Amino acid sequence: MEANTRSTGRLPAAFLTPGSSSFMDFLSDHQPEMLPGKRQLHPTKGVIEAPHGTTIVSATFPGGVVLAGDRRATMGNVIAQRDIEKVFPADEYSAVGIAGTAGLAVEMVKLFQLELEHFEKVEGAQLSLEGKANRLSTMIRSNLGMAMQGLAVVPLFAGYDVDRGKGRIFSYDVTGGRTEERGFAATGSGSVFARGAMKKLFREDLTEDDATTLAVQSLYDAADDDSATGGPDIARRIYPIITVITEDGFRRLTEDETAQIARTVLDRRLERPDGPRAALL
């Protein structure tokens, strides 16, 4: 097939035949080895060491949703990368934050982006936010074989639902099980500490600025107790990635905007190292 394609300069007929609106189904039919979960791994003993992405947080506010992540990737007890990017746009109105095996996670996000773009081109319309969440669930489930060998990917998906006019958050487990979260969510190694911080500070009436500050506060608390989560690094100018999704679409805060939030949080932490206090009653 490859030789014939090179000699004629034309794609095989299978690639030109209209078919499913799912790009994953297309690959499964014609080149399944390109799917991350279909690849054959060499037999190994013990745990496979690979860079892992860690903490991702998300919070809704009236009119949208914030999705943010720290920048550290670890490999065992070693910091593998200090400035990895873990939050990506999925399409105009949604985004994915990755936790788990970094290489597979980034590859899965790129495949998910293609999946949504392919559907829109074939059908002439965007998937609903619910449909996007379901497609991502299917992709995670297809990676179950890898997950059982220690190469798990557990993303957090957030977006603006144009039909309902609000931001929504979806979390997943390694089997592709999907849960819609209410108000806020976190995933990754520091998620327990980040979620604890968000649980005490989240309010239904947050503004967009409040929600972005809440994300940084929760990531700071996660980094304070989880060595695999990286806090704002003022010396290297490495700050969390913060994205906002509203009816106007996906927007990533600039480095200057993120730096301003991070510096404000750090200045207040000099006065109160454990962060803001929630009321007892």
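**Close-up views of the predicted model**

**View 1. R237 and D256 meet through their side chains.** The two form a salt bridge, N to O 4.0 Å; the term here takes a side-chain nitrogen of Lys or Arg within 4 Å of a carboxyl oxygen of Asp or Glu. Since R237 sits in the loop between α8 and β13 and D256 in helix α9, the pair ties together parts that are 19 residues apart in sequence. Helices (H or I, at least four residues) and strands (E, at least two) are DSSP runs, numbered from the N terminus. D256 counts as exposed at 59% relative accessibility, while R237, at 38%, counts as partly exposed. For those labels, buried is under 20% relative accessible area, exposed is over 50%, and partly exposed is in between (1.4 Å probe, protein chains only). Before moving on, note that this is a predicted model, where local features need pLDDT of at least 70 and side-chain atom pairs count only at pLDDT 80 or more, though totals for chains, interfaces and linings use all residues. Residues are numbered from 1 along each chain as its sequence is written, and side-chain values use heavy atoms, with hydrogens and water left out.

**View 2. R237 again, this time for its backbone.** Its phi is near 55°, a positive value in a residue other than glycine. Most residues other than glycine have a negative phi. The loop that holds R237 runs between α8 (208-225) and β13 (241-246).

**View 3. T258 in helix α9.** The helix spans residues 255-271. Is T258 buried or exposed? At 3% relative accessibility, T258 counts as buried. Leaving out residues up to four places away in sequence, T258 touches Y239, P240, I242 and L253; contact here means heavy atoms within 4.5 Å.

**View 4. E130 and R178 pair up.** Their salt bridge has its closest N and O atoms 2.8 Å apart. E130 lies in helix α5 and R178 in strand β11 (residues 178-181), so the bridge links parts that are 48 residues apart in sequence. Both ends are partly exposed: E130 has a relative accessible area of 27%, and R178 comes in at 29%. The structure holds 21 salt bridges. Another one joins R203 to D210, with the closest N and O atoms 3.6 Å apart. R203 counts as partly exposed at 42%, as does D210 at 30%.

**View 5. The largest nonpolar core, 25 residues.** A core in this sense is a set of buried Ala, Val, Leu, Ile, Met, Phe, Trp, Tyr and Cys residues joined through side-chain atoms within 4.5 Å. Which members touch the most others? They are V96, F112, F157 and Y172, out of the 25 residues in this core. At least two residues each come from β6 (87-91), α4 (102-123), α5 (129-142) and β10 (166-172). With eight residues, α4 provides the largest share. Zoom in on F112 and, neighbours within four places in sequence aside, you find contacts with A90, V96, K132, R135, L136, M139 and F157. Apart from this core lies another, of 22 residues, among them A59, A222, I242 and V244.

View 6. Tucked away here are S191, A194, A197 and M198, which are buried in α7. Looking down the axis of α7, its buried residues fall within an arc of 130°, so they line one face of the helix; the arc is that of the directions from the helix axis to the C-beta atoms. These buried residues pack against β2 (56-61), β12 (184-187) and α8. On the face turned away from the buried side sit V192, K199 and K200, which are exposed.

**View 7. T207, in the loop between α7 (191-201) and α8.** At 41% relative accessibility, T207 counts as partly exposed.

**View 8. M148 and a nonpolar surface patch.** M148, in helix α6 (residues 144-148), is exposed with a relative accessible area of 68%. Together, L144, M148 and V174 make a nonpolar surface patch of about 270 Å². Patches are made of residues with over 30% relative accessible area and no salt bridge, where like charges are joined within 9 Å and nonpolar side chains (Val, Leu, Ile, Met, Phe, Trp, Tyr) within 5 Å. Accessible areas come from the Shrake-Rupley method with a 1.4 Å probe, and for residues only the protein chains shown count as cover.
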